[in-house]
Amino acid sequence: MGSLEETCASLRAQITATEEQLAGLKRDLANAEQAAQSDSATTTTAGNEHNDRNGHGRRWPLLQEEYKRYGRQMIVSQVGLKAAQYLAGAGVGTIGLIDGDTVEVSNLHRQVLHRTKNVGKYKVDSAIESLRELNPHPTYIAHRTHLMPDEALAIFQNYDLILDCTDNPATRYLISDTAVLTGKPLVSASALRTEGQLMVLNDPPRAPGDKSGGPCYRCVFPRPPPADSVVSCADGGILGPVVGTMGVLQALEAIKVITAPDADVAGGAASTPRNPPALHVFSAYSSPLVRTIRLRSRRANCAVCSAEATVTLDTIKSGSTDYVFFCGSVILPSLLGPEERISAREYYEKYPGVSAVSQPHTVIDVRDKGQFEICSLENSLNIPISDILASGLTKPQAADAEQEAPTLPSWLPSELVSESSNPIYVVCRLGNDSQIVVKKMKELGLDQNGQRFIGDIRGGLRSWKEQVDSEWPEY
């Protein structure tokens, strides 16, 4: 019974993808017919309204407008006419975009396909709108959903090349596994803060157990990073041009894959890799800007692409390959007890417009300096968590005959080590880093064996905006 249900689900997904592709073709046909009606002279001269996309029945393989559009890349020796025709036809002739999110204002500084007017619209619809304005020739297919294991196979089967632009480990493993098992090369790129990474994986694509295939994501990262160490663009920040740089490099690698001299035109992948597999690491503030780390070939014990593979299409579709469990929960556990935390409203009501002088207490903001300069609570002290973590956990040492004062961690102000019992509140952006710092301050003995309150403002400055000050800057 279960097998029949899986087959039905797979067929439904394929039907949905095919219907979306058909809808795209109908839109393209309508646009072409409208263009033909508005330009009768061109239509009369060309005389090829019914020729297919590959140029059969036409004197030249591409449309006149396409020669003008693609000419500058066609004359590049590594590309040429044959490759350009493939780019215009089977290669980038069909472009599918998968995303279940909508456009937010915070996306606009780096996701340059979107426009302010499209805030609130599905990202795939907004992107396709911009892409059609740039180039009406390709067929664009919108998949308005987050990629799920039971749908990935049906979606990937309709494409020749996969580009991974995601920012969470669970989806990265799902994309790579499905690319290997459907025989698709994968170009993977990521960006965070001022750095980025780029890899071409499963190139050439080979069946599991074939050592001549390119390594997959699991070959490079057989184990995911700890869940509490994963930082998204929303939490860690991102510099717009870094995303642009990685996107351009990713597009370049995609073109290199599908235009390789011995590429299979139907599959868009070379029979042998163009270059040895490598991890390219970009850093905007380093010299050189890009470092290249050569990667090994497929791992002999890889869970998906080796002869000992345990991840299969059946385990993905059935859900027995649990990516969320494999990568760990994305919800950070609470490190502090309720008695060690205070809400933003509770703090505000306890110290309503009172200065730290009239009612002594200390507020430590552990965000980095750049975020602190954007906005900060009155009289708060900025000690970045990066400085705290880098200093270790050495407790202050008592003074001796040769030492006039205790030894303090470099980040710790001397006034916090005094015998004062004034409370200390720690705040960060979201209420995660603040918990870590409270724990470390107590390990240093700053709570005077429980005589001094040290806790955090629960939910951080995001909660401050929600509960106290609606005009607080949101970034």
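How exposed is Phe453: buried, partly exposed or exposed? Phe453 is partly exposed, with a relative accessible area of 28%. Here buried means under 20% relative accessible area and exposed means over 50%, with partly exposed in between (1.4 Å probe, protein chains only).

## Before you start

What you see is a predicted model: local features need pLDDT of at least 70, side-chain atom pairs count only at pLDDT 80 or more, and totals for chains, interfaces and linings use all residues. Residues are numbered from 1 along each chain as its sequence is written, and side-chain values use heavy atoms, with hydrogens and water left out.

## Rings that pair up

There are 10 aromatic pairs in the structure. Rings of Phe, Tyr and Trp (its six-membered ring) pair if their centres lie within 6.5 Å; planes under 30 degrees apart count as stacked, over 60 as edge-to-face and the rest as tilted. Take Tyr217 and Phe221: their ring centres are 5.2 Å apart and the planes meet at 55 degrees, so this pair is tilted. Tyr217 counts as buried at 11% relative accessibility, while Phe221 is partly exposed at 27%.

Phe453 has a partner too: with Tyr425 it forms a tilted pair, 5.4 Å centre to centre and with 50 degrees between the planes. Tyr425 sits in strand β13 (residues 424-427) and Phe453 in the loop between α16 (433-443) and β14 (454-458), so the pair ties together parts that are 28 residues apart in sequence. Helices (H or I, at least four residues) and strands (E, at least two) are DSSP runs, numbered from the N terminus. Tyr425 is buried, at 1% relative accessibility. Both rings belong to a cluster linked by ring pairs: Tyr347, Tyr348, Tyr351, Tyr425, Phe453, Trp464 and Trp472.

## An arginine over a ring

Arg218 lies over the face of Phe326, 4.9 Å from the ring centre. For that label, NZ of Lys or CZ of Arg has to be within 6 Å of the ring centre and within 35 degrees of the ring normal.

## The five-strand sheet

Now for an open sheet of 5 strands, in the order β3-β4-β5-β8-β9 and with mixed pairing. Its edge strands, β3 (162-164) and β9 (290-294), each pair on one side only. From one strand to the next, the twist averages 15 degrees. Two strands pair if DSSP finds at least two bridges between them.

Strands β4 (residues 186-192) and β5 (residues 195-201) run antiparallel and are joined by 7 bridges. Ala191 has Gly196 in β5 as its bridge partner, and Val187 has Val200. In the hairpin of β4 and β5, with 2 residues between the strands, Arg193 takes a positive phi near 55 degrees. β5 also runs antiparallel to β8, with 5 bridges joining them; Gly196 stands opposite Phe282 in β8. Of the 7 residues of β5, 5 are buried, so this strand is largely enclosed by the rest of the structure.

## Helix α5

Helix α5 (residues 123-134) has 12 residues and reaches 17 Å from its first C-alpha to its last, close to the 16 Å expected at 1.5 Å a residue. That expected span is 1.5 Å times one less than the number of residues. Its buried residues are Lys123, Val124, Ser126, Ala127, Ile128, Ser130 and Leu131. Their cover includes β1 (94-98) and β2 (139-143), where contact means heavy atoms within 4.5 Å.

Technical notes:
Axes are lines fitted to C-alpha atoms, for helices over the stretch in contact, and angles run from 0 to 180 degrees between N-to-C directions.
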